[in-house]
Amino acid sequence: MDILYSIFIDPFVQMGSAPDLLVQTLWEGLVSGVLYALIALGFVLIFKASGVFNFAQGIMVVFAALTLVGLYEAGVPAILALILTIAVMFLLAVGVERLVLRPLVNQPDIILFMATFGLTYFLIGFGELVFGGNPKVMITDELYLPRGSVEFEMFGGFVSLQKIDITAAIIASVMVAALAVFFQKTRIGRALRAVADSHKAALSVGISLNQIWIIVWFTAGIVALATGIMWGARSEVSFALQIIALKALPVLILGGFTSVPGAIVGGLIIGVGEKLGEFYWGPLVGSGIESWLAYVIALGFLLFRPQGLFGERIIERI
Amino acid sequence: MVRKLSTILATAIVASAFALPAKAQDSIYVPLFTYRTGPFSGSGIPIANGMRDYLTMLNERDGGIGGAKLILEECETGYDTKKGVECYEAVKGKNPVMINPWSTGITLPLIPRAAVDKIPILSMAYGLSASADGETFPWIFNPPNTYWDGLSMIIKYIGEQEGGLDKLKGKKIGYIYLDAGFGREPLPLFDQLARDLGFELKLYPVPADSMQNQSSQWLSVRRDRPDYMVLYGWGALNPTAVKEAAKINYPMEKFISIWWPGDDDMRSAGPGGKGFKTLNWHAVGTDFPALQDIQKLVVDKGLSQAPKNSVGEVLYNRGVYNSMLIAEGIRNAQKLTGKTVVTGEDVRRGLETLNIDEARLKELGLEGFAGPIKLTCTDHNGHRPAFMQQWDGEKWVKISEPIEPMADRVKPLLEAAARDYAEKSTGWPKRTEPCDKQS
């Protein structure tokens with residue numbers, strides 16, 4: 001009976017007795033969710049354009065953040081370092097298109113997927129060679145990102161919102177809105193979706209596959225840079241950021257691999273779900289459940305929608 | 001022409017055949033398991049630099065140890081247990097005199113192999129606490145203190161802050177840790193101390209993939225309001241924990257860690273980390289002849305991978321201390337056996353009779369760097385005291401006298417854990433290795 005009480009009654013009693021903590025948990029979940037969504041967006045962009053699951057998205061986050069901080073440490077002013085990092089991400093996109101994707105056109109998806117593994121290890125080695133493996137401090141003041149927190153008294157307690165988290169939420173929302181418009185309303189966006197449907201068909205109507213790939217990898221690079229800045233500011237800029245990218249997997253399972261809104265909604269559901277789960281139900285099983293709870297949530301949704309919340313339903317004749 | 005070439009080739013082969021054994025006679029192979037890459041490289045790099053630089057300095061200054069040049073080879077583990085075991089398998093055929101796994105997770109699977117392969121394991125202040133018992137674990141060494149000693153020192157320090165251990169009754173102590181072998185290691189002692197001293201223990205495990213996203217754990221801390229927080233973290237977990245603690249306004253002077261947070265961690269943690277405390281047992285800085293030799297003979301000559309300003313930082317010096325133990329183990333083995341080129345079996349004996357007193361520390365150019373240490377056949381640890389240091393925003397400052405571990409509480413548990421390990425490991429061998437006299 002006690003166990004049933006602990007599972008079904010006690011967490012809700014806690015929510016009612018300390019609503020400020022509930023609000024704080026929801027906020028932390030939303031912030032984590034937004035940041036997961038940012039990582040997932042990088043995956044979705046490339047998957048949409050090429051049907052490839054880009055295993056290198058995690059290391060792109062690290063590489064972009066390291067480039068920014070590395071350039072700053074080398075004496076380049078912060079804003080110029082940011083612009084140069086964007087340029088580096090563009091060069092990376094061109095390099096990936098020329099050296100990895102172009103020779104593999106029309107190869108099975110698994111070949112392209114494996115190529116992104118190779119790219120991951122190349123970027124790890126190259127990043128360590130150029131910037132070293134030491135953790136670095138993300139430049140926040142220099143990029144005019146706010147520090148500190150805003151506290152609100154609420155329900156007899158308080159809720160604390162970190163300014164950097166608010167900024168992350170705003171930046172992520174702006175990026176998502178911009179990408180949604182880009183995909184739906186622009187010529188390049190439509191071309192991009194055409195490429196995703198069929199490389200050959202897209203080529204036959206005059207769409208430049210190479211150009212589209214550069215655009216999409218560059219966009220994913222920009223998303224990686226934004227993600228790296230936000231996650232780096234919460235902790236440090238190190239190769240440990242790569243692990244965070246794995247958190248995007250349940251988000252993608254949940255939201256669908258081809259949907260920008262899916263990445264956002266999936267991110268928020270996973271973020272809020274894992275924080276609520278860890279905070280209210282985690283102590284029942286010794287805590288530390290976050291790492292697998294996200295997958296359980298995603299699997300729960302998959303039982304009802306195998307293609308994910310916003311994924312395209314694929315019917316194949318056999 | 002062909003005949004001439006054949007003659008040259010034959011001469012070269014014969015010469016190399018003579019040269020190889022000569023080289024082998026004068027060298028000792030010391031593999032270093034390091035992690036300069038991966039998620040934990042932030043902690044791994046300074047330690048790897050300190051370890052390598054001290055041994056390189058011995059090669060440069062003294063030509064090695066006792067006439068034998070040290071052959072140093074790093075094996076990158078990435079702090080990954082599987083890779084660590086692969087490294088072990090890769091180096092064990094090269095007659096290593098000792099293995100330094102630099103991971104509790106890697107140490108654990110190597111413990112049963114050490115006796116079989118006759119290679120001693122030096123897990124300096126990490127690994128299995130119970131392996132301090134030399135009777136049960138003749139091939140494992142974990143000086144100068146175990147994780148259990150460390151925890152007992154932290155609790156003792158907290159007791160001092162509160163006016164005595166008896167004042168801990170009714171208090172709440174939180175434990176935030178890497179949810180892996182390392183972080184889970186002190187749990188049995190923590191549970192026991194909570195029962196014995198009457199404080200409530202709250203656990204906040206952090207899975208490796210959440211190291212940089214600890215908001216749930218710190219929300220729970222905010223809810224539970226522990227009087228003190230204890231940290232056993234590694235890699236990115238440390239700066240993130242400090243940042244999150246600052247975020248919920250947790251009083252930093254009540255946040256105390258085991259000895260692993262480094263200078264880089266605290267710089268990443270930012271200004272909120274001021275006041276954070278950790279244990280330590282050796283000095284920071286370069287004001288020691290041995291450290292100055294490293295700078296002159298290794299760093300200045302470009303033989304080090306360490307940035308100049310990192311020499312003397314806490315984790316760099318931790319690596320130096322580790323290599324001082326390696327070197328003294330080898331030197332002691334040479335003394336015991338009369339051989340220049342010693343084996344793993346010899347070095348096991350060397351470590352078991354290690355006695356580094358104040359005079360020896362002075363000879364080593366490390367006077368005042370750390371306290372003396374003496375190991376025996378039964379005690380492979382030393383259980384040395386550590387002191388508390390505090391981050392002042394820029395550097396670590398020593399803030400306490402040496403704190404002795406609670407031997408009366410730790411020792412019986414360690415012995416019981418060692419017995420338990422031997423009983424549960426089918427066919428665990430009884431010690432047959434003879435015990436040498438102290439050198």
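## Helix faces, a mixed sheet and salt bridges

Helix α3(B) carries the exposed residues B:Lys82 and B:Glu86 on the face turned away from its buried side. Exposed means over 50% relative accessible area, buried under 20%, and partly exposed in between, with a 1.4 Å probe and protein chains only. This is a predicted model, where local features need pLDDT of at least 70, side-chain atom pairs count only at pLDDT 80 or more, and totals for chains, interfaces and linings use all residues. Residues are numbered from 1 along each chain as its sequence is written, chains are lettered from A and ligands numbered from 1 in the order in which they are written, and side-chain values use heavy atoms, with hydrogens and water left out.

**Helix α3 of chain B**

The helix spans residues 81–91, and its buried residues are B:Gly84, B:Val85, B:Cys87, B:Tyr88 and B:Val91. They cover an arc of only 155° around the axis, so they sit on the same side of α3(B). The arc is that of the directions from the helix axis to the C-beta atoms. In general, an α-helix has 3.6 residues a turn, so residues three or four places apart point the same way. Helices (H or I, at least four residues) and strands (E, at least two) are DSSP runs, numbered from the N terminus.

**The sheet in chain B**

Seven strands of chain B form an open sheet with mixed pairing, in the order β6-β5-β7-β8-β9-β12-β13. Strands β6 (200–206) and β13 (396–398) of chain B stand at the edges; each has a single partner strand, so one side of each is left without a neighbour in the sheet. Neighbouring strands of this sheet are turned by 30° against each other on average, direction ignored. Axes here are lines fitted to C-alpha atoms, for helices over the stretch in contact, and angles run from 0 to 180 degrees between N-to-C directions.

Two strands pair if DSSP finds at least two bridges between them. Strands β8 (residues 255–257) and β9 (residues 277–280) of chain B run parallel and are joined by two bridges. B:Ile256 stands opposite B:Lys277 in β9(B). Both faces of β9(B) are covered. B:Lys277 and B:Leu279 are buried on one side, B:Thr278 and B:Asn280 on the other. In a regular strand the side chains alternate between the two faces of the sheet.

**Salt bridges**

A salt bridge is a side-chain nitrogen of Lys or Arg within 4 Å of a carboxyl oxygen of Asp or Glu. By this rule there are 39 salt bridges over all chains.

| Pair | N to O distance |
|---|---|
| B:Glu73 and B:Lys94 | 3.1 Å |
| B:Arg113 and B:Glu89 | 2.8 Å |
| B:Arg348 and B:Glu352 | 3.0 Å |

B:Glu73 forms a salt bridge with B:Lys94. B:Glu73 lies in strand β2 (residues 69–76) of chain B and B:Lys94 in the loop between α3 and α4 (104–117) of chain B, so the pair ties together parts that are 21 residues apart in sequence. B:Glu73 is partly exposed at 30% relative accessibility. B:Lys94 is also partly exposed, at 41%.

B:Arg113 meets B:Glu89 in another salt bridge. B:Arg113 belongs to helix α4 of chain B and B:Glu89 to helix α3 of chain B, so this pair ties together parts that are 24 residues apart in sequence. B:Arg113 is partly exposed, at 29%. B:Glu89 is partly exposed too, at 37%.

B:Arg348 and B:Glu352 both lie in helix α13 (residues 344–352) of chain B, four residues apart, about one turn of the helix. B:Arg348 is buried, with a relative accessible area of 2%. B:Glu352 is buried at 1%.

A network of salt bridges links A:Glu28, A:Asp165, A:Arg234, B:Glu244 and B:Lys247.

**Chain A**

A:Tyr36 lies in helix α3 (residues 19–50) of chain A. A:Tyr36 is buried, with a relative accessible area of 0%. A:Tyr36 and A:Gly267 are 231 residues apart in sequence, yet 5.3 Å apart in space, C-alpha to C-alpha.

A:Met1, A:Ile3, A:Leu4, A:Tyr5, A:Phe8, A:Ile9 and A:Val13 make a nonpolar surface patch of about 760 Å². Helix α1 (residues 2–8) of chain A gives the largest share of the patch, four residues. A:Ile9 lies in the loop between α1 and α2 (10–17) of chain A. A:Ile9 is partly exposed, at 42% relative accessible area. Patches are made of residues with over 30% relative accessible area and no salt bridge; like charges are joined within 9 Å, nonpolar side chains (Val, Leu, Ile, Met, Phe, Trp, Tyr) within 5 Å. Accessible areas come from the Shrake-Rupley method with a 1.4 Å probe; for residues, only the protein chains shown count as cover.
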